[in-house]
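Colleague: I'm new to this one, so please walk me through it slowly.

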Amino acid sequence: MTVKGLNKIFAANVTKYRLKAGLTKTALASKAHLSTVTIREIENQYSNIELRTCLQLAQALNVEVFRLYMNDFENKAFERFLKKKPKETLIFAVGTIEGV
């Protein structure tokens, strides 16, 4: 995976989760304490994403950081995994993923 490939996935996920949350770019920018220009640049893949920006966006979108870097296939596979496993396993698995 290249940086360009990760930026593409990240941009698509920010857009997807923003629309799912019913947020405009301006509303997301405000919620994430970022500029509207930054949101536009991220969604159009014009900029590399700093870790701090990634964390701010994940919090504003109410999603785990790792989900912003997963493609649709990986997200769907993870959702299927979550539905099949007992709660204790899920807590361990998500905690492990977030700890990476």
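Colleague: Which residues in α2 meet α4?

Modeller: On the α2 side they are L28, K31 and A32, which meet Q56, L57, A60 and L61 in α4, a contact being heavy atoms within 4.5 Å. Helices here are DSSP runs of H or I with at least four residues, strands are runs of E with at least two, and the numbering goes from the N terminus. This is a predicted model, in which local features need pLDDT of at least 70 and side-chain atom pairs count only at pLDDT 80 or more, while totals for chains, interfaces and linings use all residues. Residues are numbered from 1 along each chain as its sequence is written, and side-chain values use heavy atoms, with hydrogens and water left out.

Colleague: How do the axes of α2 and α3 cross, then?

Modeller: They come within 8 Å and cross at roughly 115°, so α2 and α3 are roughly perpendicular to each other, and their crossing is right-handed. On the α2 side K25, T26, L28 and A29 take part, and they meet T36, I39, R40 and E43 in α3. By class, this contact of α2 with α3 has three nonpolar, two polar and three charged residues.

Colleague: Which residues of α2 are buried?

Modeller: In α2, residues 25-32, the buried ones are L28, A29 and A32, where buried means under 20% relative accessible area, exposed over 50% and partly exposed in between, with a 1.4 Å probe and protein chains only. Seen down the axis of α2, these buried residues fall within an arc of 100°, so they line one face of the helix; the arc is taken from the directions from the helix axis to the C-beta atoms. What covers them includes α1 (3-20), α3 (36-43) and α4 (51-61).

Colleague: Switching to the loops, where is H33, and is it buried or exposed?

Modeller: H33 is in the loop between α2 and α3, and with a relative accessible area of 69% H33 is exposed. Although H33 is not a glycine, its phi is positive, at about 60°.

Colleague: What about Q45?

Modeller: Q45, in the loop between α3 and α4, is another residue other than glycine with a positive phi, near 60°. Its relative accessible area is 37%, so Q45 is partly exposed.

Colleague: Last one: how many helices and strands does the protein chain have?

Modeller: The protein chain has six helices and zero strands, and 36% of its 100 residues count as buried. Among contacts between residues at least 6 apart in sequence, 54% join residues at least 24 apart.

Note on methods
Axes are lines fitted to C-alpha atoms, for helices over the stretch in contact, and angles run from 0 to 180 degrees between N-to-C directions. Angles under 35 degrees count as roughly parallel, over 145 as roughly antiparallel, 65 to 115 as roughly perpendicular and the rest as oblique. A crossing is left-handed if the near helix is turned anticlockwise from the far one by less than a right angle, and right-handed if clockwise. Ala, Val, Leu, Ile, Met, Phe, Trp, Tyr, Cys and Pro count as nonpolar, Asp, Glu, Lys and Arg as charged, and the others, Gly among them, as polar.
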